[in-house]
Amino acid sequence: MTAARDIIKLFVLKTFPTDSPGAGIDYETSFVDAGIMDSMRVLELVEFLEGQFGITIKDSELVPGNLDSIRNICRYLESKGVTGADS
Amino acid sequence: MLVDDFLAMSASRFPGKTAVICGDRRVTYGELDETSNRLAQALVAVGVRPGDRVAVLLDNSIETAICIFGALKAGGAFVVVNHTTKPKKLEFILNDCSASALIIGASQFDSHKAAVSRVGSLRCVVVCGGGRSSRSSSHGIIDLDRDLSSFPSLRPGNRSIDADLAALIYTSGSTGLPKGVAVSHLNVVSAATSITEYLESVADDVIINVLPLSFDYGLYQLLMSVKSGGTLVLEKSFAYPFTIVERIEQERVTGFPGVPTVFALLLQMRNLEPQRFDSVRYVTNTGACLPPAHIPRLKVLFRNAKIFSMYGLTECKRVSYLEPAELERRPTSVGKAMPNVQALVVDDAGEPVGPGVVGELVVRGSNVMMGYWNRTDETAKIVRPGRFPGDRVLHTGDLFTMDDDGFLYFVARRDDIIKSRGEKVSPREVENVILELAGIREAVVVGVDDPILGQSVKAFVVPAEGFGITEEDVIKHCASSLENFMVPRAIEFCSDLPRTTTGKPDLTALRGSAGLPGDRWE
């Protein structure tokens with residue numbers, strides 16, 4: 001089974017392409033700092049996460065602490081009851 | 001007055017007051033003044049001379065503010081480049097303006113190093129963030145974090161005059177190559193003075209800026225806040241709207257500048273309590289008209305705020321604003337000329353037209369740019385002689401009407417520049433990038449109406465046979481060369497393009513095939 005982190009990374013690399021060096025979106029890379037995230041892309045990310053993991057994301061949860069890196073997303077998914085997301 | 005005098009005066013009046021907040025960092029006017037003095041000394045020491053261009057490739061940060069004022073205090077002009085600019089375009093801009101110095105974030109230095117090394121005019125690269133030990137370059141390198149303290153804290157002695165170049169602001173051109181809008185100190189001071197006058201800006205203002213400092217609308221938030229002695233809450237972007245909402249509440253923000261995209265995203269949020277925005281006394285909008293349906297909802301959300309609908313272009317910064325009291329009566333108007341500016345709607349002969357007649361908007365005022373950097377012919381097309389000796393009139397290329405009471409209404413643009421999120425996108429620039437990709441025979445880029453973006457970028461692509469190009473290939477390639485806001489959001493493959501009788505791609509038909517009217521919305 002593909003781990004949540006791999007699914008998210010695949011989505012991010014495919015949907016938010018960049019030629020930045022080390023296009024290096026690592027587990028802890030901040031999407032904003034990497035210059036790949038903007039408000040439209042956050043909406044795409046939310047749509048993907050809701051569809052892929054069957055969760056509902058509240059507006060008040062649209063914060064970097066939940067969504068601005070693969071690590072943050074995995075932890076957030078775990079807190080939303082997605083088992084094994086942060087392992 | 002000079003633009004850097006904004007800081008000198010506010011630092012003298014409010015040395016201990018917070019000038020800029022970014023993330024969890026705060027800098028006072030005294031600190032901003034002193035650090036920018038040191039940077040100016042460093043720039044002078046490495047050979048930046050009066051009038052030289054100092055390019056800044058950083059995201060919204062306190063360092064960018066330091067660099068803008070540091071460049072000015074060194075007698076130079078600043079050139080803030082969008083931090084998502086890719087190496088090839090950065091190289092073009094640096095060569096175009098013969099930059100003497102480049103200030104760049106450490107995280108971007110490596111990817112841009114090869115491009116930077118090909119810029120012969122550079123005397124120095126200043127790197128922000130991170131150590132410099134592993135870096136090598138043919139240019140002198142200053143580490144902004146480590147080296148500045150060794151330079152004097154006094155402002156360098158050389159002084160500009162207000163006719164000197166203060167900044168180049170690069171903007172998309174219809175030819176596909178970015179153009180540097182050259183503005184003098186007088187241009188900037190004039191625009192900032194007029195705008196702060198109608199916004200009634202005061203030192204108690206706390207302004208939140210979610211717009212890039214490379215965009216004149218974002219840049220002026222910093223300049224005007226410093227001019228008034230206010231506090232600027234600088235955000236990296238509007239990526240996480242709820243964070244901005246919290247920030248507005250925490251910092252008791254009084255001024256909220258945005259573009260329609262920002263307000264549309266805000267209005268999409270559910271259960272947003274108006275009391276969170278009770279400190280906001282004004283909201284400004286430009287870049288494109290607010291959709292009339294959004295106005296009453298914004299008034300509910302920002303219940304204590306005046307809403308200013310405005311119009312401008314980089315070439316003169318701002319032209320007009322609508323008195324907030326008129327917003328309900330004339331929701332699609334961008335008002336009248338701002339203080340110390342004249343705006344007229346004229347026919348092809350340059351004569352003013354009557355109410356309700358469509359003509360080109362022309363602008364007079366000391367806010368009108370010096371010209372496009374190194375582009376005499378293009379400058380002559382847009383800045384033309386006026387009635388008096390030395391008088392200069394800016395021909396905006398935008399078609400307007402004026403009503404019986406003198407209020408202005410945008411009708412359309414004369415060129416095919418796309419406005420997405422309030423920023424200009426040149427279809428030529430995007431098409432040229434797409435055509436670099438092997439396996440593309442033809443490409444046409446148009447603006448497609450979008451409820452959030454105003455317009456989004458769409459490409460119609462004719463592929464060559466046998467290459468198997470996918471939508472993902474095209475988008476990825478564009479993302480490697482273009483800033484994020486220019487990357488097409490949709491690609492449509494076709495076997496051929498509809499043509500006009502002269503054989504050119506039929507843009508009206510293409511826009512129509514995207515389910516849209518031919519004219520752009522603004």
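**Conventions**

I number residues from 1 along each chain as its sequence is written, and I letter chains from A and number ligands from 1 in the order in which they are written. Because the model is predicted, local features need pLDDT of at least 70 and side-chain atom pairs count only at pLDDT 80 or more, while totals for chains, interfaces and linings use all residues.

**Entry: chain A**

I looked up the helices and strands (DSSP runs, H or I of at least four residues for helices, E of at least two for strands, numbered from the N terminus). Chain A has four helices and zero strands. Its pattern along the sequence is α-α-α-α.

Next I checked burial. I call a residue buried if 20 or more other C-beta atoms lie within 10 Å of its own, exposed if 12 or fewer, and partly exposed in between, with C-beta atoms placed from the backbone. Of the 87 residues in chain A, 36% are buried.

Then I took contacts (C-beta atoms, placed from the backbone, within 7 Å). Among the contacts in chain A with a separation of 6 or more, 51% join residues 24 or more positions apart.

**Entry: where chain A meets chain B**

I found 18 residues from chain A and 23 residues from chain B in this contact. On the chain B side, the elements giving two or more residues are helix 5 (106–117), helix 9 (241–251) and helix 14 (471–481). Helix 14 of chain B has the largest share, five residues.

I sorted the residues by type: Ala, Val, Leu, Ile, Met, Phe, Trp, Tyr, Cys and Pro are nonpolar, Asp, Glu, Lys and Arg charged, and the others, Gly among them, polar. The chain B side then has 10 nonpolar, seven polar and six charged residues.

**Entry: domains of chain B**

I used domain bounds from an automatic or database domain assignment. They give domain 1 (3–184), domain 2 (238–413) and domain 3 (418–513) in chain B. The centres of domains 2 and 3 of chain B, taken over C-alpha atoms, are separated by 28 Å. Eight residues of domain 2 of chain B touch seven residues of domain 3 of chain B. On the domain 2 side I count five nonpolar, three polar and no charged residues.

**Entry: cores**

I looked for nonpolar cores, sets of buried Ala, Val, Leu, Ile, Met, Phe, Trp, Tyr and Cys residues joined through C-beta atoms within 7 Å. The largest has 166 residues, and those with the most contacts inside it are Val54(B), Val56(B), Phe78(B), Val79(B) and Leu102(B). Helix 3 (residues 62–73) of chain B gives the most, eight residues. The core lies between domain 1 (3–184) and domain 2 (238–413) of chain B, because both give residues to it.

I then followed Val79(B). Beyond its neighbours within four places in sequence, its contacts include Val54(B), Val56(B), Cys97(B) and Leu168(B). A second, separate core has 25 residues, among them Ile418(B), Val448(B), Val457(B) and Leu510(B).

**Entry: a sheet in chain B**

I turned to an open sheet of three strands, order 25-26-27, with mixed pairing. Strands pair if DSSP finds at least two bridges between them. Strand 25 (440–450) and strand 27 (490–493) of chain B are the edges, each pairing on one side only.

Strands 25 and 26 (residues 454–463) of chain B run antiparallel, joined by 10 bridges. They form a hairpin with three residues between them. Ile440(B) is opposite Pro463(B), and Ala443(B) is opposite Val461(B). Strand 25 of chain B is mostly covered, with eight of its 11 residues buried.

Asp450(B) also belongs to strand 25 of chain B. It counts as buried because it has 20 C-beta neighbours inside 10 Å. Leaving aside neighbours within four places in sequence, Asp450(B) contacts Gln455(B) and Ser456(B). Asp450(B) and Arg421(B) are 29 residues apart in sequence and 9.8 Å apart in space, C-alpha to C-alpha.

**Entry: positive phi**

Most residues other than glycine have a negative phi. I noted Ser98(B), with a positive phi near 50 degrees. Ser98(B) sits in the loop between helix 4 (87–96) and strand 5 (101–105) of chain B. With 14 other C-beta atoms within 10 Å, Ser98(B) is partly exposed.

I also noted Arg252(B), not a glycine, with a positive phi of about 55 degrees. Its loop runs between helix 9 and strand 12 (255–258) of chain B. Arg252(B) has 13 C-beta neighbours inside 10 Å, so it counts as partly exposed.

Conventions:
Two residues are in contact if their C-beta atoms, placed from the backbone, lie within 7 Å.
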